2 protein chains.
Amino acid sequence: MTVKDIPIFLRACKREPTEYTPVWLMRQAGRFLAEYRSLRRQYPFLILCKTPELATKVTLLPIERLGVDAAIIFADILLPLEPMGISLEFTKGEGPVIHNPPRSRAEVERLRGIEAEEDLPFVMEAIKAVCRELKGRIPLIGFSGAPFTLASYLIEGGGTKDFVRTKSLMLQDPSCWHILMEKLSAAVISYLNAQVRAGAVVVQLFDSWAGILSPRDYEEFVLPHSRRIFHELSSKVPAIHFATGAAGILEQMKTAGGDVIGIDWRIDLDAAWRRLGYDVGIQGNLDPAALLGPPERIESRVAEILHRAEGRPGHIFNLGHGVLPQTPEENVITMVEAVHRLSKDK
Amino acid sequence: MTVKDIPIFLRACKREPTEYTPVWLMRQAGRFLAEYRSLRRQYPFLILCKTPELATKVTLLPIERLGVDAAIIFADILLPLEPMGISLEFTKGEGPVIHNPPRSRAEVERLRGIEAEEDLPFVMEAIKAVCRELKGRIPLIGFSGAPFTLASYLIEGGGTKDFVRTKSLMLQDPSCWHILMEKLSAAVISYLNAQVRAGAVVVQLFDSWAGILSPRDYEEFVLPHSRRIFHELSSKVPAIHFATGAAGILEQMKTAGGDVIGIDWRIDLDAAWRRLGYDVGIQGNLDPAALLGPPERIESRVAEILHRAEGRPGHIFNLGHGVLPQTPEENVITMVEAVHRLSKDK
């Protein structure tokens, strides 16, 4: 295998030079695709996740259509909570609802450990099927929610605006907090390593809500657990460490780990990379809302971000968060095409 | 009048040395106070705001009890929208609802200009009454929402998680966006200057949601308007410029204006002040959730923030956002007392 045979997305993860900047989108297999919406009218969300044939189909939906440089397995970050003993439901409009959020030390201690291959076999089967279909053309990304983000859904019983219950547990009963984070970390490690064994060649840790914490709280209550995950991850694959609103905790996120740090649009990419240092890659960082704007503006925003990356190896283009459901498909295609074309000129 | 007669809060706004670090809390006259909750059982929220005797009473509620160094007039950032032609309601649990959000250029153009003294006389009467009661013991802060934050409520029709309608207008019809921002800016200028004429000796511009924007969007769509406000503000009083989640746009916020920049807890205070430069003051930045924790932890967090401020003149202690309704009153008192005691040692 020559260097040219290694997919450019994988080379970018290792900060090796590439002919153009690779690009994929968080939620690229999601609600903005007409075919996905049509599948969702036939099947509830969790059925899509848990039926390998359907999850495979959804994972592959955007690949040809959008021209992205990586696939990401279709799943939900909350799936590993079910085998831990959590009753999970996705309600229309309201998002995830957890019916038995652990609110005491006894309830936290009752959470079960998982063996991902046995407890989430449908994810591994879908990964194997996707890899068979992709035939190595583009890499498949596996992923998991990070312990903090999982803990916040778990404790709040679903989404939240202010994370008050989560922070209350953290501050009022730190030892219970750390027990919970250890249990979640063990589950995440099992889950990610199983995905790698099944065929994922990159993993992304979604700590989507870590940016809601002060740097100091992140350091005490989150960093040690995320760091353990990166240490115990299979060293065979590059890891992307992602959070939103994390402009105040970039240095701490890097300390926790990851070959590539994923950032959102709320900080300039050049400022973020300078602070992180050029010994890690960077992923981002177009505002998903920019894809609602006119095509000329999409192209100019893509150009600005590429300009800030200065053609430096190790930049993976992405949105700063998931693509919005109301995004026109043609705007996504415009973006992907612009990333490829404009980064070739560099 | 000797220097000692000038309230320390005002001296801190001008970055003059003070005997201890002044402190107040956003929403210090709010729902965490039992007396406020009892008033709210008698009167709807907007009646409290619009009845000068009641607004005066609420403004003064926390002063003796908490020992804070400034009062802030009790009002709501959305009040100036009503005389502009907006129908505003506060629903139980859901927060503000705007019944006629402008969604077209014609609707934006129909928004009326305001003369704050005539259109919001109840606010000015309350300010005068509070000043009579305070007798100069501590300063009274006037405030307004910033144009971007007002625009977001206006366009979304209330609170929002993703600001999609707001960003869509911004990106798809920039000239309509700027018309809206100009109208809102004119209203804010009239409103703040009227508050100063009525007796407010400091003003705070709340751009609470500006941190949701990329630095680039902030610069194009927000900065020119906020800058105009600071230029046209009465030069007699210091101005505080506040936003949350703004770790990525601090430099731009400073460029827009303000004698003091208010930050939230999602960035370390020393890192933020270094980036802003020491030619502006800084306000912040305890996580409101920290006030739910045990008193020892509150005191240690206060100590950490004071340590990061290094006893440098120009630090005003505050939370990073409004005090949470579920906060025990005694924890707020613990915080205020700790700020005063620990900063005297510096």
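Q: In which hand does α4(B) pass α7(B)?
A: A crossing counts as left-handed if the near helix is turned anticlockwise from the far one by less than a right angle, and as right-handed if clockwise. Here α4(B) passes α7(B) in a right-handed crossing. The model is predicted, so that local features need pLDDT of at least 70 and side-chain atom pairs count only at pLDDT 80 or more, while totals for chains, interfaces and linings use all residues. Residues are numbered from 1 along each chain as its sequence is written, and chains are lettered from A and ligands numbered from 1 in the order in which they are written.

Q: At roughly what angle do the axes of α4 and α7 of chain B cross?
A: Helices (H or I, at least four residues) and strands (E, at least two) are DSSP runs, numbered from the N terminus. Axes are lines fitted to C-alpha atoms, for helices over the stretch in contact, with angles from 0 to 180 degrees between N-to-C directions. The axes of α4 (residues 52-66) and α7 (residues 121-134) of chain B come within 8 Å and cross at roughly 50°. Angles under 35 degrees count as roughly parallel, over 145 as roughly antiparallel, 65 to 115 as roughly perpendicular and the rest as oblique. α4(B) and α7(B) are therefore oblique to each other.

Q: Which residues make the contact of α4(B) with α7(B)?
A: Two residues are in contact if their C-beta atoms, placed from the backbone, lie within 7 Å. On α4(B) the contact includes Pro52(B), Ala55(B) and Leu60(B), and on α7(B) Phe122(B), Ala126(B) and Val130(B) are among the residues involved. The contact divides into 7 nonpolar, 2 polar and 2 charged residues; Ala, Val, Leu, Ile, Met, Phe, Trp, Tyr, Cys and Pro count as nonpolar, Asp, Glu, Lys and Arg as charged, and the others, Gly among them, as polar.

Q: How do α8 and α10 of chain B pack?
A: Helices α8 (residues 147-156) and α10 (residues 174-198) of chain B pack at an angle of about 120°, their axes 9 Å apart. α8(B) and α10(B) are therefore oblique to each other, and the crossing is right-handed. Pro147(B), Leu150(B) and Ala151(B) of α8(B) meet residues of α10(B) that include Leu180(B) and Val188(B).

Q: In what order do the strands of the open sheet of chain A lie?
A: Two strands pair if DSSP finds at least two bridges between them. In chain A, 7 strands form an open sheet with parallel pairing, in the order β1-β4-β5-β6-β7-β8-β9. β1 (71-72) and β9 (315-316) of chain A are the edge strands, each pairing on one side only. Strands β4 (residues 140-145) and β5 (residues 202-206) of chain A are joined by 5 bridges, and Gly145(A) stands opposite Phe206(A) in β5(A). Helix α10 (residues 174-198) of chain A packs on the sheet, touching β4 and β5 of chain A, and its direction makes about 170° with that of β4(A).

Q: What rotation superposes chain B on chain A?
A: Copies are superposed by least squares on the C-alpha atoms of residues with pLDDT of at least 70 in both. A rotation of 180° with 0.0 Å of shift along its axis brings chain B onto chain A, with an RMSD of 0.0 Å. That is the relation of a two-fold axis. In chain B, the C-alpha nearest the axis belongs to Ala247(B), 2.8 Å from it.
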